[in-house]
Amino acid sequence: MKSKVYFTRSLTPEKVVEAYRKLGITLPGKTAVKVHSGEKGNQNYLTPEFWKPMVDTVRGTIVECNTAYGDAAGGVRDNTESHWHLLEEHGWTKYFPVDLMDEEGPDVVWPIPNGKVLRENHVGKNILNYDSMLVLAHFKGHPMGGYGGALKQLSIGCASRAGKALIHSAGKTDDRFDTWKMHADKNQFPEAMADAAETVAEHFKGAIAFINVMKNLSVDCDCCQVAEDPCMKDIGILASLDPVAIDQACIDLVLSSDDPGKDHFMERVMSRNGIHTIEAAAELGFGSREYELIEF
C-alpha cells in the first residue's frame, strides 16, 4: 500500500491541527514535539505562535538539542546557556514546556547494525522520557543537506552535539572541533542522515507523526543566522505517518510548481545531492517513496 500524505494549500495554525487529525492517530503518553526553534538572527523560522494550536492539541513538550557549530558559523545554539537564552528570546518558553534533551549527559547511544555509513547514533538522553513524538518540520533548503524536512528533524534534529558531529563527518568523529573530518561527501552525508533518522523512527514506531509546512521557502535552513529570503511562494501543509513519503511529496510539489523560483530552490537540493537522503531512507525500509497525496 502507498503511504498516505494529506495536503492542504491553506497555511494557518488551525489547518496544521486539521492535517494532524486526518492521520487518525492519538499520540500516547508524554509527547516530544520536535521543532526547529531558529538560529539567532534567522528571519524564516516558524514561530511558536504559528505552532501553538498544534502543540497544545497534543499537550506536548518542545524538544531541541545543542548544535555542533558555534561562533565561527554565527550561531549561539552550540552551548546550553546561550541556547536557553535564545529559546526564551524566540518565545518558546513563554508558551510551552521546553526540553534541551542533551543539556546533561551522557548521551543515549543507539546502535545501527545495518547502517549505510553510521554504526551508532548519539541522541540527547532525555529522549527516553517520552512515549511519542510529533515532528513539526519547516520544509526549506539547507546549505549542506540540500533540503530540510522530516528526515532532517529525525536525524540532525534529535542528535546530540556529539551525534551531529558524527553525522556531519559520516562517522569519522564525535568531536565537533575535529573540523577537518567534519565534511562528509555528497553520498555519505545524506546516508548518515538516513541512518540516524532510522533509529529515532524505530524508537517511536507506531507513536510518531510528521507535519511538514512549506512556507518561507528559502534555499537556506533555519540554522543560518543570515539566511537568503524565500525564493518561492508558500505551498501548503502536509501530514503523514511516513517520514520518507512526506519529504518526497514536498519535493514533488516543488517540482510540479509553476513558480519561477523553483529552479533556484531545486538547484540547492540537487547540488547537495539532497534527494539521496530520501533514497537512502527508503532503502533502509522505514518509509516509502510511493505515496497517495490526499488534498483537503
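1. The lining of the second largest pocket in this predicted model is made up of eight nonpolar, two polar and three charged residues. The pocket holds about 200 Å³ of space. Among its 13 lining residues, Lys205, Gly206, Ile208, Leu241 and Phe286 are the closest to the centre. Helix H7 (188–203) and strand E10 (208–214) each contribute at least two residues to the lining.

2. Strand E10 also pairs with strand E11: five bridges join the two, and they run antiparallel. In this pairing, Val213 stands opposite Ile237 of E11. Strand E1 (residues 3–8) is antiparallel to E11 as well, with four bridges between them. Here Thr8 is the residue that stands opposite Ile237.

3. How many of the five residues of E11 (residues 236–240) are buried? Five of the five are, and the strand is mostly covered. In a regular strand, side chains alternate between the two faces of the sheet. For E11, Gly236, Leu238 and Ser240 are on one side, Ile237 and Ala239 are on the other, and both faces are covered.

4. Helix H8 covers residues 243–255. At 1.5 Å a residue, its 13 residues should span 18 Å, and the end C-alpha atoms are 19 Å apart, which agrees. At the start of the helix, a side-chain oxygen of Asp242 comes to within 2.8 Å of the backbone nitrogen of Val244.

5. Is H8 largely enclosed or open? Eleven of its 13 residues are buried, so the rest of the structure largely encloses the helix. The buried residues include Pro243, Val244, Ala245 and Ile246, and also Asp247 and Gln248. Further along H8, Ala249, Cys250, Ile251, Leu253 and Val254 are buried too.

6. Some backbone angles deserve a check. Most residues other than glycine have a negative phi, and most peptide bonds are trans. Arg59 is not a glycine, yet its phi is positive, about 50°. Arg59 sits in the loop between helix H2 (48–58) and strand E3 (61–64). Its relative accessible area is 72%, so Arg59 counts as exposed.

7. Asn273 has a positive phi too, of about 60°, and is not a glycine. Its place is the loop between helix H9 (262–271) and helix H10 (275–284). With 24% relative accessibility, Asn273 is partly exposed.

8. The peptide bond that joins Gly105 and Pro106 is cis, with omega about 0°. Pro106 belongs to the loop between strand E4 (98–100) and strand E5 (108–111).

Methods. Residues are numbered from 1 along each chain as its sequence is written. This is a predicted model: local features need pLDDT of at least 70, side-chain atom pairs count only at pLDDT 80 or more; totals for chains, interfaces and linings use all residues. Side-chain values use heavy atoms; hydrogens and water are left out. The expected span of a helix is 1.5 Å times one less than its number of residues. Buried means under 20% relative accessible area, exposed over 50%, partly exposed in between (1.4 Å probe, protein chains only). A polar contact is a pair of N or O atoms within 3.5 Å; within protein, one must be able to donate a hydrogen and the other to accept it, and residues adjacent in sequence count only if both atoms are side-chain atoms. On a 1 Å grid over the protein atoms alone, a cavity is a set of points where a 1.4 Å probe fits but cannot get out, and a pocket is an open set with protein on both sides within 12 Å along at least five of seven lines; lining residues have an atom within 4 Å of a point. Grid points are joined across faces, edges and corners, and a volume is the space filled by probe spheres set on the points. Ala, Val, Leu, Ile, Met, Phe, Trp, Tyr, Cys and Pro count as nonpolar, Asp, Glu, Lys and Arg as charged, and the others, Gly among them, as polar. Two strands pair if DSSP finds at least two bridges between them.
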